[in-house]
Amino acid sequence: MQGQDYIFVRAFVPFVASLLLKAWKDSDDDSDVEVILGGIAALNDEISWFKREASKWSVSLSSIVPQKANLEYCRFLESITSPEVEYTVAVTAFWAIEAVYQESYAHCLSDGAKTPEELKETCQRWGNDGFGQYCHTLQNIANRRLEKSPEDIVLKAEAMVICVLEYEVEFWNMSRGET
């Protein structure tokens, strides 16, 4: 199902780019821009990795048709790029998306996990401590912003996290062959 992940990451890049612009305009800490820029650089590497993996498995990424759960998640990401979505709300969504991914793959690396050998490299890619630290940094940014935000922004951010979790459940179910 890595083809679906590839499609998602390609839609994720414009979202993160819009977040970078929001951080540049609205952040109270210049380091936010650097953290988000680092995320964009990692996404470039991630796209290259997907292409190498697809080549290794003789999969044509251009022929992959996005499944419904993926299309809906990508539309959701696009909606967050809107200038009307506040930086605090968008960075909270970014943290939630990255944290779910990292925690899921870190779980696959934990003692007692019955991860198939052929998936361990993938799990290491996103379940590693470095990515975990990056997610922790994003959480700190989101928390800092939320602590300074009025209640309406906090409520929007909370609703955004719930939406992210709902889309993640659907995406993971799709990846497991469930609908």
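**Tyr-73 and its surroundings**

I began with Tyr-73 in this predicted model, and I found that Tyr-73 touches Phe-8, Ile-97, Val-164, Tyr-167, Glu-168 and Phe-171, leaving out residues up to four places away in sequence; contact here means heavy atoms within 4.5 Å. For the record, residues are numbered from 1 along each chain as its sequence is written, and side-chain values use heavy atoms, with hydrogens and water left out. As the model is predicted, local features need pLDDT of at least 70 and side-chain atom pairs count only at pLDDT 80 or more, while totals for chains, interfaces and linings use all residues.

**The nonpolar core**

I then looked up the largest nonpolar core, which has 48 residues, and Tyr-73 is listed with Phe-8, Phe-12, Phe-15, Ile-80, Phe-94 and Ile-97 as having the most contacts inside it. A nonpolar core is a set of buried Ala, Val, Leu, Ile, Met, Phe, Trp, Tyr and Cys residues joined through side-chain atoms within 4.5 Å; buried means under 20% relative accessible area, exposed over 50%, and partly exposed in between, with a 1.4 Å probe and protein chains only. I noted that helix H1 (2–26), helix H2 (31–56), helix H3 (68–80), H4, helix H6 (129–147) and H7 each supply at least two residues of this core, and that H4 gives the most to it, with ten residues. In soluble globular proteins, nonpolar side chains tend to be buried together.

**Two residues of H4**

I next took up Ile-97, which lies in helix H4 and counts as buried because its relative accessibility is 3%. Leaving out residues up to four places away in sequence, I listed Phe-8, Phe-12, Phe-15, Tyr-73, Leu-77, Val-164 and Glu-168 as the residues that Ile-97 touches.

Phe-94 is also found in helix H4, and I recorded it as buried, with a relative accessible area of 0%. With residues up to four places away not counted, Phe-94 touches Phe-12, Phe-15, Val-16, Leu-19, Tyr-134 and Leu-138. I also checked Phe-94 against Ile-36, and the two are 58 residues apart in sequence and 9.5 Å apart in space, C-alpha to C-alpha.

**H4 against H7**

I looked up how helix H4 (residues 87–109) packs with helix H7 (residues 151–175), and the angle is about 35 degrees, with the axes 9 Å apart. Axes are lines fitted to C-alpha atoms, for helices over the stretch in contact, and angles run from 0 to 180 degrees between N-to-C directions. The residues that make the contact include Ile-97, Val-100 and Tyr-101 of H4 and Val-161, Val-164 and Glu-168 of H7. I noted that the residues of this contact divide into 15 nonpolar, three polar and two charged, where Ala, Val, Leu, Ile, Met, Phe, Trp, Tyr, Cys and Pro count as nonpolar, Asp, Glu, Lys and Arg as charged, and the others, Gly among them, as polar.

I turned to Asn-70, which lies in helix H3 and counts as buried, as its relative accessibility is 0%. Leaving aside neighbours within four places in sequence, I found Asn-70 in contact with Gln-4, Ile-7, Phe-8, Phe-171 and Met-174.

Not counting residues up to four places away in sequence, Ile-64 touches Gly-3, Gln-4, Ile-7 and Val-59.

Ser-58 has its place in the loop between H2 and H3 as well, and I noted its positive phi of about 55 degrees, although it is not a glycine. Most residues other than glycine have a negative phi. Ser-58 counts as exposed because its relative accessibility is 70%.

**The chain as a whole**

Last, I looked up the totals: the protein chain has seven helices and zero strands, where helices (H or I, at least four residues) and strands (E, at least two) are DSSP runs, numbered from the N terminus. The radius of gyration of the chain is 16 Å, close to the 16 Å that the globule rule gives for 179 residues, so the chain is as compact as a globular protein of that length; this radius is taken over C-alpha atoms, and the globule rule is 2.2 Å times the number of residues to the power 0.38. Along its principal axes the C-alpha trace spans about 50 × 35 × 30 Å. I also recorded that buried residues make up 43% of the 179 residues, and that residues 24 or more positions apart account for 83% of the contacts with a separation of 6 or more.
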